[in-house]
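This report describes the fold and packing of a single protein chain.

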Amino acid sequence: MTVARGAGGSRCPPACYSRSVDADHGHRFLAPHTIKFCPLCAGTLAVQSVPPDHREQAVCTRCRFIFYLNPKLVAGTIPERDGRVLLTRRSINPGRGLWTFPGGFVDFGETVTDAAVRETFEETGLRVELTGLHNVYSYPAAPVIVVYRAKVIDGALTTCDENDCLEWRAPAEIPWEALAFPSTREALREWVAGRGEMPRG
Ligand SMILES: [Zn+2]
């Protein structure tokens, strides 16, 4: 049973923590050593030195398409209300059972800000207005995460397929020992510090 509770409500039941690699996607991802075929003509890819910098790229042996691989882009929000931040508990991997804030991949053709608002609505049932850029987080071989601060316009807290609990948490109530991603910790530390308080995690 999924639950969504706001400030002052009783806490969600404990979750089963898991840091294991996603069973469905752990062995299937795009990387220079995993891509095999050209997405345009289905020709075989070969790693070749490509000018002008002569870095090695996957190049189609048939149509010469250069398959540049770049980091994916994630847009997220830190929804704020009455000095609290809205956290979501993930019910899928990666990070099943761990906490983060709303966010997800930016779709092709979509702006980063539109994606942040859309993902927040999909994951929490709340419509938000972005109030400023919080920060950008980048790590080797990981998506680039763009996080905005946001205020709630309307809607009712509603979980989705990706989370099983939503809670408004004050800085002292953030579960530092059970956060999903390095960017979650960094962003929340900066959010707490921005409020003039000392992060505990
Ligand atoms: Zn090709």
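Predicted model: local features only at pLDDT ≥ 70, side-chain atom pairs only at ≥ 80, totals over all residues.

When residues up to four places away in sequence are not counted, Ser49 touches His54 and Glu56. The C-alpha atoms of Ser49 and Val59 are 9.0 Å apart in space, at a sequence separation of 10 residues.

## Overall organisation

The secondary structure of the chain consists of two helices and 11 strands. Read from the N terminus, the order of elements is β-β-β-β-β-β-β-β-α-β-β-β-α.

Of the 201 residues of the chain, 29% count as buried. Among contacts with a separation of 6 or more, 62% are accounted for by residues 24 or more positions apart.

## Strand 11 and its pairing with strand 6

Strand 11 is largely enclosed by the rest of the structure, because six of its seven residues are buried. Strand 6 and strand 11 run antiparallel and are joined by six bridges. Within this pairing, Thr88 stands opposite Leu166 in strand 11.

Is Glu167 buried or exposed? This residue is located in strand 11. The threshold for a buried residue is 20 or more other C-beta atoms within 10 Å; Glu167 has 22 such neighbours and so counts as buried. Glu167 and Leu86 are separated by 81 residues in sequence, yet their C-alpha atoms are 5.6 Å apart in space.

## The two helices

Helix 1 comprises 13 residues and spans 18 Å from its first C-alpha to its last, close to the 18 Å expected at 1.5 Å a residue. Its buried residues are Ala115, Ala116, Val117, Glu119, Thr120, Glu123 and Thr124. The elements covering these buried positions include strand 5, strand 6, strand 8 (103-105), strand 9, strand 10 and strand 11. Just after helix 1, Gly125 adopts a positive phi of about 80°.

Helix 2 also has 13 residues, and its reach from first C-alpha to last is 18 Å, close to the expected 18 Å. In this helix, Ser183, Thr184, Ala187, Leu188, Trp191 and Val192 are buried. These residues lie on the same side of helix 2 because they cover an arc of only 160° around the axis. On the other side, Pro182 and Ala193 are exposed. The buried residues of helix 2 pack against strand 5, strand 6, strand 7 (99-100), strand 9 and strand 10. Helix 2 is followed by Gly196, which has a positive phi near 80°.

## The largest nonpolar core

In soluble globular proteins, nonpolar side chains tend to be buried together. In this model, the largest nonpolar core has 32 residues, and those with the most contacts inside it are Ala75, Ile78, Val85, Leu86, Val147, Ala187 and Trp191. At least two core residues are supplied by each of strand 5 (73-81), strand 6 (84-90), helix 1 (112-124), strand 9 (126-137), strand 10 (144-155), strand 11 (163-169) and helix 2 (182-194). Strand 10 provides the largest share of this core, with five residues.

Which residues are in contact with Val85, leaving aside its neighbours within four places in sequence? The contacts of Val85 are Ile78, Pro79, Glu80, Phe101, Arg169 and Trp191. Two of these partners, Ile78 and Trp191, are listed with Val85 among the residues that have the most contacts inside the core.

Key:
Residues numbered from 1 in each chain as written. Core = buried A, V, L, I, M, F, W, Y, C linked by C-beta atoms within 7 Å. Buried ≥ 20, exposed ≤ 12 C-beta atoms within 10 Å, placed from the backbone. Helix = DSSP H or I, 4+ residues; strand = E, 2+ residues; numbered from the N terminus. Contact = placed C-beta atoms within 7 Å. Expected span 1.5 Å × (residues − 1). Arc of directions from axis to C-beta. Pairing = 2+ DSSP bridges.
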